[in-house]
Amino acid sequence: MSKWTFENEEYYLTGEEAQKLDTYMQTELGIPGIILMEKAAEGARDVLLDEMESGLLKDFDKFCDGILVITENGNNGGDGLALARLMKDEGYGVLVYEINGISHKSNSYILQQKMLEANGIERLQSLDDPRLNDSAIKEKQDAFANSQGGFHKLLIVDAIFGVGLHRPVTGVQAEVISWINQRVDAFVVSLDIASGIWADSGQILGSAVQADLTITFQAVKYGALQGDGRICSGQIRLVKLVKHPHYHADRFLYRGISASKDKNRIPAKHENDNKGSAGKVLIIAGSKTVGGAALFAATAAYNAGAGLVNIFTSEQNRSFINKNLPEALISTYDDQDGNMFPNWKEVLSEKIKWADAVAIGPGIGTDSIGESLLKYTISEKPELLVMDADAITLMMNPEVRAMYDQVFVKGNENKGRSRVVFTPHMAEMQRLIAAYGWNVSMHDLKLDRRNFLDCMSMESNSTIALKDARTQIATVRSGPEEVKGHFLNVTGNMGMAKGGSGDVLTGILASFLAAAGVQKRHANRHLSPDDILELVAEGVRIHGLAGDAAAEKIGVYGMKASDIIDHIPIVIRRVEGR
């Protein structure tokens, strides 16, 4: 069978959305719930067999004496019972343990119970059953471990809770989840979502199964990709049940950055391009004590396709940048003693007018110099502006925020236009929210980042890429009826949690915006909020893919921001199919 992976999926569903889609398939498409359950079980079976043949479970069938399916009485449990029956048909020993902590049984679950009984699959009365700790299995485990380096003797299928869970897990269900997590000798597979994870946020509701593999149905669930949900989900495999061509996609809140659309999002190169028409980028970055941020952003901009990059920075960084990036143009605002030149504003004004896109913030500092640079940049009204790092922190200054609002939020020329992209990490997002008068805890921000993103993009008339393990992107909308969903990026890896990685993203985004802006102006048009949203989403995706390529070559421990930069043109070439 073909292996579905979540990177190719277009939408990630909340629990409510998944339930509405399930209802749609039953009522509008006329597919009975029991048929959907059978399709889910068949897909899960195929995934397990595929993994046993050449994937995560490739040695499992050599020694496995049984599969343990643990269920509750809802439809997720029904999926588990159906899977138990199908795996027995494949020749595997299967045991079922029903928690029965929920008094009501769904109709589909009752039907699956009857089919299970007809197939003679035994249901355990207790998880203390000696067959789960058989000495013969232990001997085989020891023998295999000595020769092969260890293996799992149990395959546990978690079919306890699905996407409908919205209360803390307690009592016997929590005890069973604890039992699963303590079985270090087991390989754990969750159906649809790891039990105990809130599908709407990734939050653990009391306790949650720590799965090695999650087999999810119809669409990947948002909660499996964020926060603790990402950790508890393990690897994710997607099983499509049916097509739903008439189900309106704009009902979904979260969009994936589809690989199939990469080539259309990356600004095109043309045979008659010159260095000016390929996009001119101004990077306002660095200070007398920080030079790397400017270098990272500028090099990333070049590697993402910019034709010309000018760095406006401290004179202290000139020789360092010249040595490491001789292609860059350099302008400085101070002398060797750190005193700002009397004409620095005139020089900066000239560069802003020259640029197709401006990026400001990495390493500029939050002192008077950094504040002056940001204020003047805002006052010059750049056509396209990326604000990162210190520029976001400086928004907490009431004067800076008031100036920003006057230029980019208020006034008729700003209606329907979004010219600014903010790229905060989570702590910087807190500061941006605080700049607009709200104090939000990190816990609340993580729990409800979608609403905060919507609110802040509206307040600041901007596109926001909220950087985290899963970066989420939103843009300003004129009304809730036009909300088409947030982009959620699933590329990238833990090795990118290094200093300078965010500066690289700033350079990529500035490069993409500059090139696309030139092309739009040739057609006497501006980039729309949707245009910018798509460009930012693709820039974030390319950034993550470059990190993945670097990790593949170097590993996650030793990779640095410069390694991500080196792989930007490589992944763009792959995306373009060259």
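Biologist: A crossing is left-handed if the near helix is turned anticlockwise from the far one by less than a right angle, and right-handed if clockwise. Which way does α9 pass α18?

Modeller: Right-handed, in this predicted model. Helices (H or I, at least four residues) and strands (E, at least two) are DSSP runs, numbered from the N terminus. Residue numbers start at 1 in each chain as its sequence is written, and side-chain values use heavy atoms, without hydrogens or water. As the model is predicted, local features need pLDDT of at least 70 and side-chain atom pairs 80 or more, while totals for chains, interfaces and linings use all residues.

Biologist: What angle do α9 and α18 make?

Modeller: α9 (292-303) packs on α18 (501-522) at about 40°, with the axes 7 Å apart. Axes are lines fitted to C-alpha atoms, for helices over the stretch in contact; angles between N-to-C directions run from 0 to 180 degrees. That makes the pair oblique. Under 35 degrees is roughly parallel, over 145 roughly antiparallel, 65 to 115 roughly perpendicular, the rest oblique.

Biologist: Which residues make the contact?

Modeller: Ala293, Phe296, Ala297, Ala300 and Ala301 come from α9, and Asp503, Val504, Gly507, Ile508 and Ser511 from α18. Contact means heavy atoms within 4.5 Å. By class there are seven nonpolar, two polar and one charged. Ala, Val, Leu, Ile, Met, Phe, Trp, Tyr, Cys and Pro count as nonpolar, Asp, Glu, Lys and Arg as charged, the others, Gly among them, as polar.

Biologist: And how do α12 and α14 cross?

Modeller: In a left-handed crossing. The axes of α12 (368-379) and α14 come within 9 Å and cross at roughly 15°. The two are therefore roughly parallel. In α12, the contact residues are Glu371, Leu374, Lys375, Ile378 and Ser379. They meet Glu399, Val400, Met403, Tyr404, Val407 and Phe408 in α14. Here the count is seven nonpolar, one polar and three charged.

Biologist: Switching to sheets. What is the order of the eleven strands?

Modeller: β1-β9-β18-β17-β16-β15-β14-β13-β10-β11-β12, open, with mixed pairing. Strands pair if DSSP finds at least two bridges between them. β1 (11-12) and β12 (329-332) are the edges; each has a single partner strand, so one side of each lacks a neighbour in the sheet.

Biologist: In which sense does β1 pair with β9?

Modeller: Antiparallel, over two bridges. Tyr11 stands opposite Arg255 in β9.

Biologist: Which strands does α14 touch?

Modeller: α14 (398-408) packs on β14 (385-387), β15 (420-422) and β16 (462-466). Its direction makes about 140° with that of β15.

Biologist: What about the sheet of seven strands?

Modeller: That one is open too, with parallel pairing, in the order β4-β3-β2-β5-β6-β7-β8. Neighbouring strands are turned by 25° against each other on average, direction ignored. Three bridges join β3 (94-98) to β4. Val96 has Arg123 in β4 as its bridge partner.

Biologist: Which strands does α3 lie across?

Modeller: α3 (75-89) lies across β2, β3, β5, β6 and β7, at about 165° to β3. α6 (171-182) also packs on this sheet, touching β2, β3, β5 and β6.

Biologist: Last topic, confidence. What does the chain average?

Modeller: A pLDDT of 89, and 89% of residues score at least 70. pLDDT is the predictor's confidence in each residue, from 0 to 100.

Biologist: Where does pLDDT stay under 50?

Modeller: Over residues 1-9, which have 28 contacts beyond four places in sequence. Residues 479-483 also stay under 50, with three such contacts.
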